Protein chains: 4
Amino acid sequence: MSNWLWLIEWDTPTHGHIKGVKRVVYRTRSKYQDIIVLETTEFGRLLVLDGKTQSSEFDEYIYHEALVHSAMLLHGNPRNVLILGGGEGATAREVLKYSSVSRAVMVDIDEEVVRVCREYLSFMNEGVFNDKRLNLIIGDALDYVFNTSESFDVVIADLSDPIEAGPSYKLYTLEFYKRISEILGDNGVFVTQATSPTNTPKTHAIIYSTIRRVFKYATYYHVFIPSFSAMWGYVIASNTRNPLELKPEDIDYLLRRHNINTRFYDSKAHEHMFSIPKNLRALIESETRVATMDNPVYMPA
Amino acid sequence: MSNWLWLIEWDTPTHGHIKGVKRVVYRTRSKYQDIIVLETTEFGRLLVLDGKTQSSEFDEYIYHEALVHSAMLLHGNPRNVLILGGGEGATAREVLKYSSVSRAVMVDIDEEVVRVCREYLSFMNEGVFNDKRLNLIIGDALDYVFNTSESFDVVIADLSDPIEAGPSYKLYTLEFYKRISEILGDNGVFVTQATSPTNTPKTHAIIYSTIRRVFKYATYYHVFIPSFSAMWGYVIASNTRNPLELKPEDIDYLLRRHNINTRFYDSKAHEHMFSIPKNLRALIESETRVATMDNPVYMPA
Amino acid sequence: MSNWLWLIEWDTPTHGHIKGVKRVVYRTRSKYQDIIVLETTEFGRLLVLDGKTQSSEFDEYIYHEALVHSAMLLHGNPRNVLILGGGEGATAREVLKYSSVSRAVMVDIDEEVVRVCREYLSFMNEGVFNDKRLNLIIGDALDYVFNTSESFDVVIADLSDPIEAGPSYKLYTLEFYKRISEILGDNGVFVTQATSPTNTPKTHAIIYSTIRRVFKYATYYHVFIPSFSAMWGYVIASNTRNPLELKPEDIDYLLRRHNINTRFYDSKAHEHMFSIPKNLRALIESETRVATMDNPVYMPA
Amino acid sequence: MSNWLWLIEWDTPTHGHIKGVKRVVYRTRSKYQDIIVLETTEFGRLLVLDGKTQSSEFDEYIYHEALVHSAMLLHGNPRNVLILGGGEGATAREVLKYSSVSRAVMVDIDEEVVRVCREYLSFMNEGVFNDKRLNLIIGDALDYVFNTSESFDVVIADLSDPIEAGPSYKLYTLEFYKRISEILGDNGVFVTQATSPTNTPKTHAIIYSTIRRVFKYATYYHVFIPSFSAMWGYVIASNTRNPLELKPEDIDYLLRRHNINTRFYDSKAHEHMFSIPKNLRALIESETRVATMDNPVYMPA
């Protein structure tokens with residue numbers, strides 16, 4: 001049977017991707033965004049926010065394992081973890097795999113996303129929202145971060161991209177990162193999704209360029225996400241621990257010690273993500289712009 | 001100004017990519033295939049054979065450097081090199097950067113591709129076709145390989161994908177690889193493009209599974225090519241040299257010693273390409289099928 | 001807000017139409033076909049069977065009024081009407097506007113289409129399925145026509161196109177039309193949808209060419225349907241009444257006499273539909289092929 | 001062989017059409033617009049200005065015959081004809097079929113369009129530009145009309161649509177039509193293309209609503225153009241001759257008397273075009289807005 005219903009996504013006005021849609025499982029509009037859950041041929045269920053693929057059933061583990069585990073292992077003994085965004089629950093799922101974690105605070109602005117993901121994308125959050133260690137707060141991550149008096153071992157920013165019209169661009173600024181630095185505990189580690197280094201290399205580079213002004217150590221890393229048809233970027237930072245000293249050869253040992261099962265992430269995956277080819281290093285490291293509240297970075301920069 | 005002319009490519013019947021086309025620079029039909037040169041917004045000039053992007057101006061160096069340099073450096077002192085396919089000239093361009101190379105034989109079946117690339121995509125082959133060390137043979141790579149009495153230090157297969165209707169699928173079989181093994185000289189190294197591990201993982205895995213039956217050492221490696229919107233795969237093999245013993249930390253030294261300039265390939269790129277995440281390793285290494293002349297692998301397998 | 005979900009329909013492999021989809025209202029698969037109800041930006045609700053637009057909320061009245069009224073008025077006093085297909089209910093809706101009609105038999109093969117249209121497209125059939133004059137039979141129109149002992153004043157074929165893989169192509173054959181001719185009462189009139197004269201002119205022409213072998217009078221007529229992006233064709237036939245003698249100037253009078261309200265159909269619309277430009281007349285009337293059970297016409301012919 | 005190069009045109013942001021492109025015959029950018037000549041599968045050669053199909057090899061005769069002949073026949077003995085726009089030459093081709101015409105002035109702003117059409121679309125203008133009766137002026141139609149001291153029997157506006165960013169919207173205003181009325185000779189007739197009554201009904205209606213303020217008689221008429229996937233609209237007007245008095249039954253006689261050969265236009269085509277169904281009449285005639293230089297109509301209105 002042929003396909004006739006399609007999702008068309010545009011990385012740029014002249015580069016798009018077409019995915020065959022078998023079924024629209026659910027569609028709603030929250031206060032913040034258009035939320036669609038699709039059943040696709042290639043990627044299983046797909047969460048699409050404002051027309052942009054966020055997670056697919058078949059490869060969300062790549063994005064989420066890549067986001068969480070390097071930061072958790074770099075800290076070594078994370079107990080108190082803060083997740084900004086992450087409404088799907090899959091970031092929390094990875095965090096809660098660590099028995100050392102006694103408390104995970106998750107702050108997402110859109111209650112509807114959480115509800116829809118629980119109902120229609122439960123493969124991403126089975127057991128998560130019932131885990132007593134999880135404290136889910138529906139609210140603005142910016143407010144939370146500036147008002148909290150707690151400190152955290154690991155802070156994970158699993159946010160939507162810094163679109164001009166969107167609610168997230170302030171969460172990619174110098175002032176915000178300074179505040180993150182203040183709420184990190186001893187040996188605290190921060191990690192953020194950082195847009196695609198292949199679709200929007202300048203945005204990615206400015207995020208890195210901004211974070212390294214704040215933290216003693218900061219490193220970018222990349223991985224290919226099939227449902228995004230692109231490499232995806234992250235930045236990891238700390239004031240005490242150098243991410244580059246997390247040796248690939250130790251990763252498998254550390255995962256075993258923490259008793260963590262993964263599908264994507266291991267020593268080789270870590271090495272792959274942190275070894276950035278010459279052309280991308282040159283492009284990213286030549287960027288000197290810094291995003292501030294007054295002069296933020298919007299995607300595409 | 002908006003765009004209204006588009007190239008639509010399909011990885012599968014329900015996963016496609018759309019590229020804005022500014023200009024059709026040239027179009028012809030050779031004995032073997034439909035040849036188009038496009039000027040695109042995102043990727044500069046694009047060579048498209050039978051509707052499939054082969055190389056783009058903005059990122060062809062990634063594909064070609066990834067194909068050539070690991071094999072050349074693994075051998076260490078390549079003098080006699082055989083290129084199968086490679087009509088664009090860019091594989092030869094990378095090979096001829098080595099002053100140790102005294103002779104490069106390039107066998108491409110389609111004279112028209114060579115002519116079109118010389119005329120419209122000269123950035124891929126400047127100086128190459130005038131280099132006296134290059135011996136360009138228009139002919140069938142299969143015939144050449146089975147009939148040659150020469151031996152080669154490095155054999156590079158830069159061929160079109162093993163499509164059922166296409167001319168290349170016999171060049172991805174056990175019999176062919178056995179013959180390659182025979183025409184390799186001492187310490188000879190073979191490398192082949194091996195389709196996309198993300199679009200057609202089974203095809204990629206069968207190519208690897210077939211090659212490792214023939215050679216003492218065989219390894220797959222991957223890199224993201226933006227104009228393909230996908231990871232691309234290669235397999236490198238040898239009977240005497242283990243590709244995994246080519247230490248990333250030595251690559252930069254070796255490139256300097258051979259006086260090779262690259263844009264993409266260096267120690268970090270090598271490490272990135274050869275460190276394959278857990279999910280892909282599992283998928284590829286579980287494949288046991290072997291492609292033969294009687295029972296070839298067609299893409300998608 | 002931009003659109004990201006699309007229906008793509010192909011008239012031919014190289015001519016397609018794209019419609020923005022706001023919502024998938026309902027989707028199911030019946031024994032016979034894939035049934036989708038979409039909410040679109042341009043055309044309101046859309047019924048799509050096997051990927052092909054059947055009716056849109058904003059213009060279904062054009063298709064259905066064009067199908068029904070010329071035949072009803074040509075007869076003059078229709079009491080017993082047979083509708084083949086027409087599961088949406090809109091053809092029956094137009095038929096039942098005539099107070100002269102005491103009985104309308106509607107034979108549709110797909111109960112699911114009827115159910116879905118009643119539930120999600122009630123604007124097409126309000127009151128229709130509760131009208132006691134309507135006798136809805138779920139079954140094969142071919143069987144019904146060959147087995148009935150009744151005769152009808154007007155027979156209306158509102159069938160899916162004669163696709164090779166589909167269930168309808170036998171309902172566009174000489175044998176079928178001969179049987180229709182037999183079950184028509186005195187002054188009986190037959191009308192059928194006859195595919196698009198602009199998309200598939202040969203199929204349209206063969207349907208006409210076949211019908212005129214059977215009936216004393218037969219005429220084709222056309223109207224533009226926006227949601228089809230094409231002209232649509234019909235053939236009307238009778239053994240006693242010449243459709244061309246239904247004078248446009250009389251239509252408004254006859255509609256008033258029957259107390260029929262329409263949105264599209266009137267004297268001018270009738271004149272428009274039955275006045276076929278020179279190029280199309282030449283194309284249609286030069287066709288001599290005849291579709292039979294053994295040698296049917298498939299679309300595109 | 002599959003197709004991979006496509007033209008995508010949008011009637012609205014959520015209704016588009018896709019045409020398979022075999023070859024880009026020629027592309028250039030003039031002072032005024034992007035000019036492309038494509039070879040397509042469905043429609044032969046296609047002239048595309050700023051992304052919008054203007055004329056196709058397979059159906060341009062429908063558009064041009066519909067534009068020209070009703071006006072010429074309504075006048076009855078046209079000698080001096082003014083064509084505004086019409087750079088393709090096909091409108092002049094139809095006009096020059098009349099041996100009564102001793103002089104045709106054609107004013108097109110874009111010399112490049114004329115050159116490209118002569119070179120690559122000669123089927124539209126064979127012999128036309130060498131006909132001594134044709135006076136081709138490269139210039140602004142607005143200037144010409146306001147500055148000429150000549151009078152014309154027939155004025156034909158074959159202009160691009162009234163886009164806000166485009167050069168033509170002033171040629172769809174009350175002031176312009178008043179000036180046209182002044183330069184018409186005795187029994188003079190004016191006809192203009194008037195956008196699509198199905199894609200942009202309000203724009204079409206405002207053009208009509210504006211013209212009927214100026215002329216004693218004004219009528220709209222429509223025809224389906226396959227390569228536009230839409231009905232196309234025209235408005236014909238005169239101060240002395242009522243277009244509705246041009247009886248369909250006389251058209252064939254008049255064409256013969258003038259010795260005019262047509263492929264589309266004849267009595268039936270005329271009747272078809274001038275018989276507008278109820279829904280469209282209601283929509284068009286309810287429009288009361290008038291376009292002026294200060295308050296022009298832009299498409300879509």
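**Helix crossing.** I looked up how α5(B) and α6(B) cross and found the crossing to be right-handed, where a crossing counts as right-handed if the near helix is turned clockwise from the far one by less than a right angle, and as left-handed if anticlockwise. Helices here are DSSP runs of H or I of at least four residues and strands are runs of E of at least two, both numbered from the N terminus. Helix α5 (residues 174–183) of chain B packs against helix α6 (residues 201–214) of chain B at an angle of about 45 degrees, and their axes are 9 Å apart. I note that axes are lines fitted to C-alpha atoms, for helices over the stretch in contact, with angles from 0 to 180 degrees between N-to-C directions. The angle makes α5(B) oblique to α6(B), given that angles under 35 degrees count as roughly parallel, over 145 as roughly antiparallel, 65 to 115 as roughly perpendicular and the rest as oblique.

From α5(B), the contact takes in Leu174(B), Tyr177(B), Lys178(B) and Ser181(B), and from α6(B) it takes in Thr210(B), Ile211(B), Arg213(B) and Val214(B); two residues are in contact if their C-beta atoms, placed from the backbone, lie within 7 Å. By class, I find 4 nonpolar, 2 polar and 2 charged residues in this contact, with Ala, Val, Leu, Ile, Met, Phe, Trp, Tyr, Cys and Pro counted as nonpolar, Asp, Glu, Lys and Arg as charged, and the others, Gly among them, as polar.

**Provenance.** I keep in mind that this is a predicted model, in which local features need pLDDT of at least 70 and side-chain atom pairs count only at pLDDT 80 or more, while totals for chains, interfaces and linings use all residues. Residues are numbered from 1 along each chain as its sequence is written, and chains are lettered from A and ligands numbered from 1 in the order in which they are written.

**Sheet in chain D.** I then traced an open sheet of 7 strands with mixed pairing, whose order in chain D is β8-β7-β6-β9-β10-β12-β11; two strands pair if DSSP finds at least two bridges between them. The edges are held by β8 (134–138) and β11 (217–225) of chain D, each with a single partner strand, so one side of each has no neighbour in the sheet. On average, neighbouring strands of this sheet are turned by 15 degrees against each other, direction ignored.

Within this sheet, β6 (residues 80–85) and β9 (residues 152–158) of chain D pair in the parallel sense over 5 bridges, and Leu82(D) has Val155(D) of β9(D) as its bridge partner. Helix α5 (residues 174–183) of chain D packs on the sheet and touches β9 and β10 (184–193) of chain D, its direction making about 145 degrees with that of β10(D).

I count 14 residues of chain B in contact with 14 residues of chain D. On the chain B side, β1 (5–12) and β2 (15–29) each supply at least two residues, and β1(B) gives the largest share, 5 residues. That side divides into 8 nonpolar, 2 polar and 4 charged residues. Strand β1(B) and strand β1 (residues 5–12) of chain D run antiparallel and are joined by 3 bridges, with Leu7(D) as the bridge partner of Leu5(B). Because 100% of the interface residues of chain B are also interface residues in chain D, the copies meet through the same surface.

**Chains B and A.** Here 31 residues of chain B are in contact with 32 residues of chain A, and β2(B) gives the most to the chain B side, with 6 residues. This side has 9 nonpolar, 14 polar and 8 charged residues. Strand β2 (residues 15–29) of chain A runs antiparallel to β2(B), joined by 5 bridges, and His15(A) stands opposite Lys19(B).
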